[in-house]
Amino acid sequence: MEFAQVVFYGRLGKQALSMFNLDPQQWRGARVLDCPGGPGSLSAVLRADGFDVTAVDPLYALAEDSLKQRALADLDRAMGQLAGDPAIRPGFDLAACRQEHLAALDVFLADRRANPDRYIAASLPALPFADQQFDLVLSGHLLFSYASMADGGLMPAEGLDLAWHHRALAELLRVSRRAVRLYPAHTIERQARRHPFAESLLAELPPRWSGRFASTPYDQGHDGQTEVLELHR
Ligand SMILES: C[S@@+](CC[C@H](N)C(=O)[O-])C[C@H]1O[C@@H](n2cnc3c(N)ncnc32)[C@H](O)[C@@H]1O
């Protein structure tokens, strides 16, 4: 599986909760950042549950029509790539997966329309927030996933390199008061392995931060070590 650019691809809120190993009951009252939010419904689901949540993605600069077209085009391209890909377990239900992405997109678009100020256009490694503005910072399917294929990611040639990962994580930690969770912390292959960049980030956390790898119930069609990296201070 390979992607020449970062895909504008989003999951259902309940899938995101599962991939981040997150029990909302344990985070009542938390200010949450989802970066990148993509066209996913995590923000909408947490907001409906009473959370103060903000999502960031560079593509949020686009108007709704363009955003929807981009999401549908990227979904088609991604589904074409996934069909028959050796990184995915045979029998993994891609039709259901497609429907889930479409359902997430609808909920995302409606929530963005209702809460435009909570969907902010920005890019790692520079976020427009104060230090420790959020309690919990979630980041799915950007770090590690978009490293080069040689480094365990999806990009055929120049992916996000290790230096970029260190800058991006420093920024996510800067805006978090308590916790950061990164998913996936594993390589994108059938027998997933712990991602080498994730090991490097964990080994070089700034003072007062610590972390661990945790297995996650989220099933994306890979086997092996499918994990989330949980960081806290
Ligand atoms: C595969 S989606 C992941 C969305 C969601 N977090 C999930 O796990 O389903 C990756 C997202 O990263 C966004 N992106 C690309 N470069 C970025 C950057 N430098 N900083 C933040 N987001 C970025 C893309 O626009 C895209 O929406």
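Modeller: What follows covers the ligand site, then the cysteines. This is a predicted model, in which local features need pLDDT of at least 70 and side-chain atom pairs count only at pLDDT 80 or more, while totals for chains, interfaces and linings use all residues. Residues are numbered from 1 along each chain as its sequence is written, and side-chain values use heavy atoms, with hydrogens and water left out.

The ligand has 19 residues around it, and Arg-11, Pro-36, Asp-57, Leu-124 and His-141 come nearest (near means a heavy atom within 4 Å). That shell divides into eleven nonpolar, six polar and two charged residues; Ala, Val, Leu, Ile, Met, Phe, Trp, Tyr, Cys and Pro count as nonpolar, Asp, Glu, Lys and Arg as charged, and the others, Gly among them, as polar.

A polar side-chain atom of Arg-11 lies 2.7 Å from a ligand oxygen atom. His-141 also places a polar side-chain atom 2.7 Å from an oxygen atom of the ligand. From Gly-140, a backbone N or O atom lies 3.0 Å from a ligand nitrogen atom. On its own the ligand has 600 Å² of accessible area, of which the protein covers 91% (Shrake-Rupley method, 1.4 Å probe).

As for the cysteines, the disulfide count is zero, a disulfide being a pair of cysteine sulfur atoms within 2.5 Å. Cys-35 counts as buried because its relative accessibility is 2%, where buried means under 20% relative accessible area with a 1.4 Å probe and protein chains only. Cys-97, at 12%, is buried too.

Note on methods. A polar contact is a pair of N or O atoms within 3.5 Å; within protein, one must be able to donate a hydrogen and the other to accept it, and residues adjacent in sequence count only if both atoms are side-chain atoms. Buried means under 20% relative accessible area, exposed over 50%, partly exposed in between (1.4 Å probe, protein chains only).
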